[in-house]
Amino acid sequence: MTREGARGVEHPARGEEVDRERRWSGATLIGALETAVAHFEPHVTAVNALNVFPVPDGDTGTNMFLTIQAAVREAQRLNHGSQARADEVLAGAAHGALMGARGNSGVILYQILAGIAESCQGAAHLDGRVLAAGLRRAADLAYRAVVNPVEGTMLTVIRAAAEAAEIAAAKDSSLSTVLAAALDTAEDTVRRTPELLDILRQAGVVDAGGQGLAILLAGLQRFAEGTTLSIPSDETVPVSTAPAAEMDFLDHLDELHDAEEFGYCTNFLLTGDNLPVEEVRRRITELGTSAVVVGDKTMLKIHVHSEHPGTILEIALGYGELHQVRIDNMTAQTRALLEDRHAAHPTAVAPSPADTTDIALVAVASGDGLTEALRGMGATAVVPGGPTVNPSTEEILRVIAALPQRQVILLPNDSNVIPTARQVERLTDRTIRVVPSRSVPQGISALAAFNFDSDLEENVASMTEALGMVRSLALTRATRSAEIDGVRVEQGQFIGLLDDRLRAGGEDPVEVVLAVLAEADPDQAELLTVFVGEPASPDLAGRVAEAIGDAYPNLTIEVAAGDQPHYDLIIALE
Amino acid sequence: MPRVAVVTDSTADLPREMIEAYDIHVVPLTVHIDGEVFEDGVSITPAEFMRRLTTTTTFPTTSQPSVGRFQEVFNRLAEEYDAIISIHISSRLSGTYQSALLARDTINGRLPISVIDSRSTSMGLGFPVLRAAKLAQAGYDLDTIDRATRQAIESTHAVFLVDTLEYLRRGGRIGRAAEIVGTVLQLKPILRLEEGVVVPHARTRTRPKATAGLIELVRDFPRIDQLAILTTNGSSDAERVADALADRCPRERMIFAELSPVLAAHVGPGALGVVVYEGDAPLSIEEVP
C-alpha cells in the first residue's frame with residue numbers, strides 16, 4: 001500500500017519504499033521528478049562547462065535545468081493529490097517541458113518526457129516495462145525531431161539507455177532495476193561520446209546534453225533507492241530567466257493596462273513643424289488616463305486611455321497631422337488576449353482577437369542596441385535572449401500572444417534557439433513560420449528581405465534565401481584554452497568566429513578581426529556593420545573600423561551600439 | 001470642335017518639349033529654401049535646386065499654388081477655350097488639388113472645369129496629363145477626356161527608392177512608410193505610391209540592392225507600354241535601370257526626367273523613381289469626334 005502524503009516523504013513507510021523500487025503512482029512520480037531536479041541542480045555549472053567551443057553560448061546545463069524544472073512545476077500545478085495517476089502526471093510534465101523548453105537540449109528533453117508520457121497512457125503506475133517502452137518511444141521521437149541526427153550526442157545516449165532498459169525489463173519489470181540498467185548504459189555511452197563525435201574529442205569534453213540526461217536518470221535512480229530531495233523554492237532558483245519582452249511602443253501596451261481598465265486605448269503619431277510638446281502632454285493627460293506622450297517637436301507618439309477617443313484626436317488635430325491611429329476597446333482587447341494565452345494550451349480553441357492580414361516579425365536578441373537595430377529593420381517585437389540565455393517556448397509564445405497579427409515569422413538568431421522556435425507553431429492558433437537565422441546578422445539580412453507586397457510564404461522564402469547573403473563574424477574571449485579546427489587559443493585570449501566556427505585567436509583584437517574577415521570574402525561585400533557589445537573597450541570599435549577601412553576601402557562601414565553581453569563585437573558582412 | 005485646355009501642376013515632371021508640343025498649362029508650386037522662395041521649375045531649375053539642397057543645412061519646405069493663382073489661370077484660359085481639365089498631384093500629398101477645386105467654384109458657370117486628383121505625382125501625374133492633352137489636341141470633348149484621364153490614372157504606377165527617409169519624414173509626406181522610420185542602421189527603402197500616399201514595399205540595406213529590388217518590382221508589372229525614369233541630380237543608376245528594363249520597354253518608349261524641386265525637397269538627394277504606364281484604354285466608337 002502506498003501512503004505517501006499521510007506521513008510525509010522524509011519518513012516513508014516501509015511499504016512505500018518497497019513500492020518505490022517497483023512502480024510509481026502519480027504522486028510518487030512527482031516526488032521522483034522533484035528529486036531529479038534537486039539532484040541536477042548542483043551539476044548545472046559542470047554541464048555548462050562541457051562546451052565544445054571555448055565561447056560563451058548555449059548553456060546546456062542551464063537549459064536542461066530550466067526545462068525539467070518547468071516540467072515539474074506543471075506536474076505539481078495540476079495537483080491531483082495522493083490519488084494522482086502516473087499518466088496524468090507525466091502528461092502534465094511533458095506539457096510543462098514543452099512550454100519551458102530552452103535550447104536544443106531542452107527541446108530533446110521535452111521529446112523524451114513526451115515519449116514516456118505517451119507510453120504510460122492509460123496506466124495508473126509507471127513500472128519498469130512502461131518506462132522501457134517509454135524510453136524507446138522517447139528515443140524515436142527525439143531522433144525524428146532532429147533534421148540531421150548526429151551520433152555522439154544526447155540522441156545516442158537516450159537510444160542506448162532505451163535498449164538497456166528494454167533488455168532489463170524483459171527479465172524484471174521492477175522500476176529500480178530498469179532505471180539502474182538505463183543509467184549504467186547512459187553513463188557508459190556519455191563516456192564514449194568523444195569517440196563518436198570528433199569535435200568532442202578535439203575539445204576534450206563529453207557531450208553536455210548526454211551528460212545532463214545521465215544526471216537526470218541518476219536522480220530518478222536515487223529516488224527509487226529511497227532518497228528524497230526537495231526542490232529549491234522559487235526565491236532560490238539559481239538561474240535567472242530572461243526579463244519581460246521588450247516591445248514596440250504602439251504594439252505592446254499591456255504594461256500600461258490595469259486588469260479592470262475600461263474605455264478605449266488610443267494610440268497615434270502626431271507630426272508637425274514645431275509641436276508644443278509640454279502643452280500636448282498636459283492636454284492629453286487631462287483628457288484621459290495612463291497617458292504617455294513621447295517624441296520631439298516634429299513627431300510625438302501618443303498613448304492614452306479615454307472614454308472619448310474622438311475628442312483626443314480632435315484636440316491633437318489642432319496641433320498637426322495624425323498617423324497610424326489605432327483605437328482598441330480595452331475590455332475586448334483584454335478578453336482576446338486572455339483567450340489567446342489560453343490557446344497556448346493545445347486543447348483550447350481561441351477566436352481571432354482582431355482581423356489583420358499583416359505579418360508580425362518576431363526576433364530574438366539580447367542587448368538594447370541589437371534590439372533597437374532589429375526593431376529599426378522591421379522586427380515587430382524582440383524576445384530577450386540569445387547565445388547565453390536561450391528563451392523558452394513559453395517566453396516566445398507570450399510575446400506572440402500580445403501581438404495583433406495573425407501571421408508571425410520567427411527569427412531565432414541563434415542555432416540553439418531554432419528548436420525552441422519550431423515548438424511554437426503547434427501551440428498557438430496563429431500561423432507561425434520559422435526563418436532559421438543563426439545569428440543577429442542573419443536576422444538583419446532576413447528582415448531586409450521582407451517585402452510589404454508579398455504574402456507570408458513568399459516572404460518566408462525570400463527571407464530564408466537572405467540568410468545566405470550575409471556572413472556573421474564575432475569577437476569574444478576564450479572561456480578556456482583549446483585547440484579546435486587547427487586554431488590554438490589560450491583562456492582569456494581574443495577569439496574570432498566566422499559563422500559560428502572558430503577561425504582565429506590572439507592577444508590583439510584588431511588582428512583577430514582582420515584575420516577572420518580575410519576568410520569571409522570581404523571583396524564581394526558592400527556593407528560591414530559592427531555591433532559593439534558590453535565587454536568591448538571604448539576605443540575598440542573605432543580601431544577595428546579604421547583597420548578594416550584601410551584594408552578594404554570599398555566597404556561601407558557602419559558602427560552601431562549592440563550592447564550584447566559576452567561578445568565584444570558582432571559583425572555583419574553583406 | 002470643342003477646345004479643351006489641359007492644366008496640371010509643376011510636379012508632373014513632364015519634359016519641356018512635351019509641355020510645348022501638347023500645349024499643357026503648368027501651374028507651379030513654390031519651394032522655400034534658406035529663406036528664399038522659388039516657383040517650382042520656373043525661377044529655379046532642378047539642377048540649381050539640387051546644388052542648394054546638398055549644401056544647405058536646413059530642410060526645404062514647399063507650398064501649394066494659391067487659389068488666386070488658379071483663378072488667374074482658369075480665367076485667362078476661359079478667353080480661349082470652351083472647357084478646362086485640371087489634373088493634379090495627390091490630394092493626400094499636397095493641397096494643390098484643393099486650391100484648384102476652390103478656384104473652380106469661384107468662377108463656376110463661366111465654363112465647365114473638371115478638376116481631377118491623380119492620386120500620384122511626377123510622371124504618375126504626367127502620363128494621365130499626356131493622355132488628356134493628346135485627346136484634347138485631337139478634338140475630344142471634356143467628358144471623354146475626363147473619362148480617359150481617370151482610366152489613365154488607373155493604368156499608372158509609381159515606385160521609387162530614397163537614400164534616406166529623413167526628407168519624407170520631415171516633410172510629413174511619409175504615409176504608411178512611417179513604419180520603416182527610426183533605424184540605427186543604414187536603410188535604402190523601396191517605396192510605392194498607392195491611392196495617393198507613400199507606402200513601403202521593402203527595406204534594403206544597400207543602394208545596389210535597392211536598385212535591383214526596384215527593377216524587380218517594375219518587371220513584375222504584366223503590362224508596360226511606357227516607362228518614365230526620374231532622378232534627382234542625374235543619378236547614375238538611371239542608365240542601369242533603363243538597361244535592365246530594355247527588354248520590357250524599348251528605349252524610345254522611355255521618358256527620362258529630373259524630379260521637380262518641390263518633389264526633390266520631399267524625397268531628398270539620391271532618390272530614383274520609375275513610373276509604369278500600362279497603356280491607353282480604348283475609347284468607344286461613339287466617342288470619336
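Predicted model: local features only at pLDDT ≥ 70, side-chain atom pairs only at ≥ 80, totals over all residues.
**View 1. Four domains are assigned along chain A.**
The assignment places domain 1 at 14–236 and domain 2 at 258–329. Domain 3 covers 347–468, and domain 4 covers 471–573. The centres of domain 1 and domain 3 of chain A, taken over C-alpha atoms, are 30 Å apart. Their contact draws 16 residues from domain 1 of chain A and 11 residues from domain 3 of chain A.

**View 2. Helices of domain 1 of chain A face domain 3 of chain A.**
Helix 4 (60–78), helix 5 (86–100) and helix 6 (103–120) of chain A each give at least two residues to the side of domain 1 that touches domain 3. Helix 6 of chain A supplies the largest share of that side, with four residues. By residue type, this side of domain 1 of chain A holds seven nonpolar, six polar and three charged residues.

**View 3. Helix 11 of chain A is largely enclosed by the rest of the structure.**
Helix 11 of chain A runs through residues 208–224. Its 17 residues should span 24 Å at 1.5 Å a residue. The C-alpha atoms at its ends are 25 Å apart, which agrees. Of the 17 residues of helix 11 of chain A, 15 are buried, so the rest of the structure largely encloses this helix. After helix 11 of chain A comes Gly226(A), with a positive phi near 115 degrees.

**View 4. Ile215(A) sits in helix 11 of chain A.**
Is Ile215(A) buried or exposed? Ile215(A) has 25 other C-beta atoms within 10 Å, and a residue needs 20 or more to count as buried, so Ile215(A) is buried. Beyond its neighbours within four places in sequence, Ile215(A) is in contact with His39(A), Phe40(A) and His43(A). Between Ile215(A) and Val325(A) lie 55 Å in space, C-alpha to C-alpha, for a separation of 110 residues in sequence.

**View 5. Six strands of chain A form an open sheet with mixed pairing.**
The strand order is 16-15-12-19-17-18. Strand 16 (501–506) and strand 18 (556–561) of chain A are the edge strands, and each pairs on one side only. From one strand to the next, the twist averages 20 degrees. Strands of a sheet pair through backbone hydrogen bonds, either parallel or antiparallel. Strand 12 and strand 15 (residues 494–498) of chain A pair in the antiparallel sense, over five bridges. Arg477(A) has Phe494(A), in strand 15 of chain A, as its bridge partner.

**View 6. Strand 19 of chain A pairs with strand 12 and with strand 17.**
Strand 12 (residues 471–477) of chain A is antiparallel to strand 19 of chain A, and five bridges join the two. Here Leu473(A) is bridged to Ile571(A) of strand 19. Strand 17 (residues 527–532) of chain A also pairs with strand 19 of chain A in the antiparallel sense, over five bridges. In this pairing Val532(A) has Leu569(A) of strand 19 as its partner.

**View 7. Both faces of strand 19 of chain A are covered.**
Strand 19 of chain A spans residues 569–573, and five of its five residues are buried. Leu569(A), Ile571(A) and Leu573(A) lie on one side. Ile570(A) and Ala572(A) lie on the other. Helix 18 (residues 440–448) of chain A lies across strand 12 and strand 19 of chain A. Its angle to strand 19 of chain A is about 40 degrees.

**View 8. Chain B touches chain A.**
In this contact, 18 residues of chain B meet 22 residues of chain A. Strand 10 (residues 197–202) of chain B gives the most to the chain B side, with four residues. That side of chain B divides into eight nonpolar, seven polar and three charged residues.

Asp13(B) is in the loop between strand 1 (4–9) and helix 1 (16–21) of chain B. Asp13(B) is buried, with 24 other C-beta atoms within 10 Å. Ser122(B) is in the loop between strand 7 (113–117) and helix 5 (123–137) of chain B. Ser122(B) counts as buried, with 26 C-beta neighbours inside 10 Å.

Terms used:
Residues numbered from 1 in each chain as written. Chains lettered and ligands numbered in written order. Expected span 1.5 Å × (residues − 1). Buried ≥ 20, exposed ≤ 12 C-beta atoms within 10 Å, placed from the backbone. Domains from an automatic or database assignment. Contact = placed C-beta atoms within 7 Å. Nonpolar A, V, L, I, M, F, W, Y, C, P; charged D, E, K, R; others polar. Pairing = 2+ DSSP bridges. Axes fitted to C-alpha atoms, helices over the stretch in contact; angles between N-to-C directions.
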